[in-house]
Amino acid sequence: MEATLDLPETGDAPFSLDLSDDQRELRDWAHGFAERTIRPAAAEWDEREETPWPIIQEAAKIGLYGFEGLAQFYSDPTGLTLPIVNEELFWGDAGIGMAIFGTTLAVAGIVGNGSGEQIGEWVPQCFGTVEDPKVASFCVSEPDAGSDVSALRTRAKYDAAKDEWILNGQKAWATNGGIANVHVVVASVEPELGARGQASFVIPPNTPGLEMGTKVKKHGLRASHTADVFLADCRIPGSCLLGGRAKLDERLARTREGVRSRGQAAMATFEASRPTVGAQAIGIARAAYEYALQYARDREQFGRAIIENQAIAFTLADMKMEIDAARLLVWRASWMGRTGKPFAAAEGSMSKLKAGEVAVWATERAIQILGGNGYTREFPVERWHRDAKIYTIFEGTSEIQRLVIARAISGVHIR
Ligand SMILES: Cc1cc2nc3c(=O)[nH]c(=O)nc-3n(C[C@H](O)[C@H](O)[C@H](O)COP(=O)(O)OP(=O)(O)OC[C@H]3O[C@@H](n4cnc5c(N)ncnc54)[C@H](O)[C@@H]3O)c2cc1C
């Protein structure tokens with residue numbers, strides 16, 4: 001007799017990878033902008049190495065750049081809309097994508113650490129208006145504190161008589177540094193407490209004492225502005241301490257007593273943003289994969305399309321598989337972050353690590369598939385390869401992500 005299995009209706013399945021109508025609509029909308037406006041301008045702005053203000057303004061006009069747009073992406077209860085939109089924009093171009101999305105890191109710093117009032121006051125100023133768009137900058141890294149965020153030397157001292165904070169120090173590598181309307185700066189309030197003695201501050205527009213240093217000439221992501229920022233007796237109102245004085249004092253007191261707190265200003269921001277950064281890397285990888293697939297169909301050698309060779313076809317199969325695998329890690333981490341699941345195995349780091357390494361590998365493979373053409377600036381894959389490389393470096397290098405994951409899964413303080 002044949003055994004039968006009574007399967008429940010799949011319509012009730014609690015797990016689904018189907019995108020909702022809203023998610024599909026936003027994805028297609030972002031893709032349309034990337035295809036029509038970003039991709040055609042990519043080579044030009046990469047060569048110019050300048051912030052593409054006209055394109056930021058176009059994004060603002062359609063509501064893609066601004067407080068409302070971002071709020072709409074964030075509001076998706078599954079957490080997927082933000083990575084989906086990022087993937088599409090960075091599929092268009094990563095340099096321009098970062099010029100548009102670099103502001104969100106500062107916004108994440110304000111939202112992650114600030115009060116409701118501070119969020120309402122500063123986030124709109126990060127974006128400016130459609131007529132006069134602005135950008136924002138999140139400044140953590142310093143010349144001697146990159147991976148080791150606990151080594152920050154920028155100091156914030158409180159002047160009780162004037163209810164002002166005075167910041168002094170040098171920030172390195174700041175995306176939009178010096179050209180931003182709003183800078184969010186992580187500084188040390190009590191250096192002896194390391195990362196737990198740090199806090200985040202908003203530097204309002206045109207504050208004296210904040211100056212841009214050298215603009216960095218980069219390997220990739222060249223439409224995105226990167227520069228040092230100098231803070232010399234930079235005075236800001238007491239209310240610019242994100243989260244407020246009472247919260248900071250309480251956290252510092254607990255730390256002094258040896259109670260472990262979760263409040264590491266920079267880390268809280270990076271934790272939340274890593275899956276989104278991973279989605280950007282996937283956008284670059286997918287662009288390269290799609291381009292290489294088409295090229296392999298069209299290009300003939302030895303009397304047949306090069307895709308008919310297993311060496312090429314299997315590479316494309318692996319590219320597709322790795323990109324899809326990375327996306328699943330990004331979606332999982334985004335969903336976990338949005339639904340408040342703890343990253344017990346550092347799933348946020350996993351997603352960014354995998355996506356960054358896939359992007360570097362896939363874009364390098366794409367150059368190989370295009371042969372000599374892949375190595376020239378007449379074709380976009382060399383740019384994608386240059387752009388991809390930053391994804392194993394910023395927001396925590398690949399080594400640091402492995403350290404975070406290894407510590408999370410083992411509980412051992414691995415160095
Ligand atoms: C284009 C660009 C944009 C950026 N944007 C911003 C921004 O907006 N805001 C901001 O604050 N910063 C920004 N950064 C800085 C970026 O986050 C740092 O470059 C990054 O964190 C690495 O720091 P570092 O460059 O000092 O490298 P280092 O920390 O000096 O690392 C050098 C090498 O040593 C390895 N290493 C270090 N420590 C360990 C360890 N314990 N175990 C194993 N390996 C280790 C690293 O993985 C790396 O391979 C940006 C950087 C770039 C290039």
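Colleague: Which residues are closest to the ligand, and how many surround it?
Modeller: There are 20 residues around the ligand, and the closest are G146, S147, T175, T397 and E399. A residue is near a molecule if its C-beta atom, placed from the backbone, lies within 6 Å of it. Keep in mind that this is a predicted model: local features need pLDDT of at least 70 and side-chain atom pairs count only at pLDDT 80 or more, while totals for chains, interfaces and linings use all residues. Residues are numbered from 1 along each chain as its sequence is written.

Colleague: Which helices and strands supply at least two residues of that shell?
Modeller: β1 (136-139), β3 (164-175) and α14 (398-410) each do. Helices (H or I, at least four residues) and strands (E, at least two) are DSSP runs, numbered from the N terminus.

Colleague: And which domains does the shell draw at least three residues from?
Modeller: Domain 2 (136-256) and domain 3 (265-410) each give at least three. Those bounds come from an automatic or database domain assignment, which also lists domain 1 (21-101).

Colleague: How far apart are the C-alpha centres of domain 2 and domain 3?
Modeller: They lie 31 Å apart. The contact between these domains takes 12 residues from domain 2 and 10 residues from domain 3, where contact means C-beta atoms, placed from the backbone, within 7 Å. On the domain 2 side, strand β5 (residues 198-203) has the largest share, with 3 residues.

Colleague: Switching topic, what about the largest nonpolar core?
Modeller: That core has 112 residues, and F201, I284, A285, A288, A359 and A366 have the most contacts inside it. Helix α10 (residues 265-298) gives the most to this core, with 12 residues. A nonpolar core here is a set of buried Ala, Val, Leu, Ile, Met, Phe, Trp, Tyr and Cys residues joined through C-beta atoms within 7 Å. Buried means 20 or more other C-beta atoms within 10 Å of a residue's own, exposed means 12 or fewer, and partly exposed is in between, with C-beta atoms placed from the backbone.

Colleague: What does F201 touch, leaving aside its neighbours within four places in sequence?
Modeller: Its contacts include A156, W165, V185, I236 and C240.

Colleague: Is F302 buried or exposed?
Modeller: F302 counts as exposed because it has 8 C-beta neighbours inside 10 Å. F302 sits in the loop between β8 (300-301) and β9 (304-305), and has a positive phi of about 55 degrees although it is not a glycine.

Colleague: Why does E395 count as buried?
Modeller: Because E395 has 20 C-beta neighbours inside 10 Å. E395 is in the loop between α13 (381-389) and α14, with a positive phi near 55 degrees.

Terms used: Two residues are in contact if their C-beta atoms, placed from the backbone, lie within 7 Å.
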